[in-house]
Amino acid sequence: MSFTGIKQPEFDSLVSRHSTAAQQLEGLAAALHGELTAAGLDTGPALRIRDMAREVGAEVEDLRRRQNLIREMERLKVTFGTHTPAGTMVPVPDSLTAAEGLLNGTLAANAAVAAGRGDANAMAQLRGFAGKASDPEFVKAFLAKLGAKGITELPASLALQMRANVMMRTAKGDQVSQQVKEGMKLLAMALAKGTDPKDPAFMGEAFLSQLVKEGRAQHRANEVAYVGYQAQALIWRASDGKPPFSKRFMEVVGRDAIVHQKELSDSGPPYANAMDLATVLGLSDSMQPGGPYMGEPGKPIKASVIDDLSQAARHTPEAAQALLFHTPQGWNKSIMEYLLTDRLDGFNHTKNYAPFAGLLQTALSGKDKESLKFTNDALVILKNELDGVFSEGDDGKLIIADQKKLDRLSFLDGPMGTIMAAHIDEIFGVFEKSAHDLKNINQLEMDRVLTFVGRNEGAVKALVGAEAQRMFKAIQESYKLGNGENMQQLLLPEARFMGHLLEPRRLVLMAQAKSDEQARAELKGLINDVLGELTGPAGKLAGRLGGWGDKAHEKLTPIVFENVSAFLAERLIKEGLTRNSALQQANDDREMTMWMVRQMILGARIAQGKWDPKAVESLKGSAFATDDNPPRLKPLDEITSNPETFDKFIEWARRYSTDEATMQSVREAMDNSAGVDVHGNLGLDRNY
């Protein structure tokens, strides 16, 4: 926003003098032009004076426009500016749009303050500004009028208004609650924009520093005393990430809020001033934001300052990493390490797990070096915390040896499993490479972690789905490097790794009093779901085809080969999910996995397009072959367009592409990994 500072009434006098000067210059130019013309002299000087008159006239129009803006502000009793001994400097916008933003922002701030004092009309008026928060001029005027102190204290004032009305349990109370929640949403949007250096509404570094100062300060609203961050947290929890809080906000305010919370915890009773103000006032349920439900379903919400900060930081990797991947001055561990160790009991105190779980996933799921480094740190912390949790029972089966310790960690199984799936190559490397990217964690310890995350079905699905994609890449690689001759060499380590992913889930289910039959049935359902996710509308298996390119019987370029093989594998798996196929008749999860591998191999084999002479000879008379001599396969898009022809083609392709020796070796590798390696690493009997 561009503006000019002015003083009144001097400004009105300036407009009047400029107008008079323009008129006088125009009159002088006309008179001089007449005299010069009559004398037969050059009229250039008169023309130059006339040009000057036009320039001054244009300036007068601009000044009058600004004068009208000032008068409109006065009419609406909107006053803002910088007071000095010489007068009040008023910012005058350069456009009507900017002026409207300034006016609305100031009026919204006035309404917010009045609403905090209990003005019901002002509360309703504030609601009307909800759609203005995308306007930078509105945000800057709104935040400037309230200031960091007002931004900090307003949530407390609004919360007390809500409490007074909610206690009446009337329709009016419900209306006020809704208005307050919408007001908090407006605050969250404005604060996110105003503290983002990349946003035109950015209020500057000084404003961020003021938020920190007010966040640490003691405040009071009526009889309620609170720390500023307890009130600011209500703004953070109202954020839905549209817009998100910025990296810079987390670097300045977010980090300080966590440091301050630790200082309070170290110097006083546990959780003193740790709960946000809504929890302190008993209003958390009424101030539940529009996102995922916080806390335990069916129980009153409890939320801490750190829970709410996690809610605000979870929406972008930049913000999440800025908050977690930092070691404050004087600390011997990063913020992430602190939250996963010293602060872990705090999350179990509120049982408000979703915000921090989402924050971890956002921060650690990237492919960048920092994500991998901190994922490594998180895995090492987790494997140390899991020491002694699992053990062998009298019957040789897995048991939970330390339930209390497991309960303390349990909310991390889903997010950590999802994070591990995002780094599936590195997890694989722990089992199959002598040197790998993850440090200070060995195969035994990784199986312990996989057993922990195996408690969460969603985490196992993510891991198995990620490994299924790895297996498919290995299959494609085999055909790209040759004619599939090295398939066994590439698939065996993948099969062993799949055993490390599937078996812990079965063991955990049985440790939860499931029978072996029940556990295997659940695992079959899990594989079925994974296949559905891989090939669904947002499936991760098939490449998106922009056209077939070369014909299926000709040599395909690598990109076309990968896309075609993925398309075929996806189609084959989809049909297996819907038909009464070998997939549905499989005895267990491993057999279903092998079925999936067969479809992937078949898709890649067809896309590769090289068939031995015996296979080519058998094409004669087939609906999917040409009449040439020797016959050739028809274009693949033509074959796939006819379901009956496609079925016959697939039957033919299976007959000439099956390598049972390879499949048997792959199955044995998976079985040995599950029954020998996993059981051995967990200290269990290998016979169940």
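Is Lys620 buried, partly exposed or exposed, and at what relative accessibility? Lys620 counts as partly exposed, at 48% relative accessibility (buried is under 20% relative accessible area, exposed over 50%, partly exposed in between, with a 1.4 Å probe and protein chains only).

This is a predicted model, in which local features need pLDDT of at least 70, side-chain atom pairs count only at pLDDT 80 or more, and totals for chains, interfaces and linings use all residues. Residues are numbered from 1 along each chain as its sequence is written, and side-chain values use heavy atoms, with hydrogens and water left out.

Colour by pLDDT (the predictor's confidence in each residue, from 0 to 100). The protein averages 86, and 87% of the residues score at least 70. Select residues 1-5: the pLDDT there is below 50, and the stretch has 17 contacts beyond near neighbours in sequence (contact means heavy atoms within 4.5 Å).

Next, the salt bridges (a side-chain nitrogen of Lys or Arg within 4 Å of a carboxyl oxygen of Asp or Glu). The structure holds 43 of them.

Select Asp240 and Lys185, whose closest N and O atoms are 3.1 Å apart in a salt bridge. Asp240 sits in the loop between α8 (228-237) and α9 (247-267) and Lys185 in helix α6 (residues 171-194), so the pair ties together parts 55 residues apart in sequence. Helices (H or I, at least four residues) and strands (E, at least two) are DSSP runs, numbered from the N terminus.

Move to Asp529 and Lys461, a salt bridge at 3.0 Å, N to O. Lys461 counts as buried at 16% relative accessibility, while Asp529 is partly exposed at 32%.

Finish at Glu617, which forms a salt bridge with Lys620 at 2.9 Å between the closest N and O atoms.
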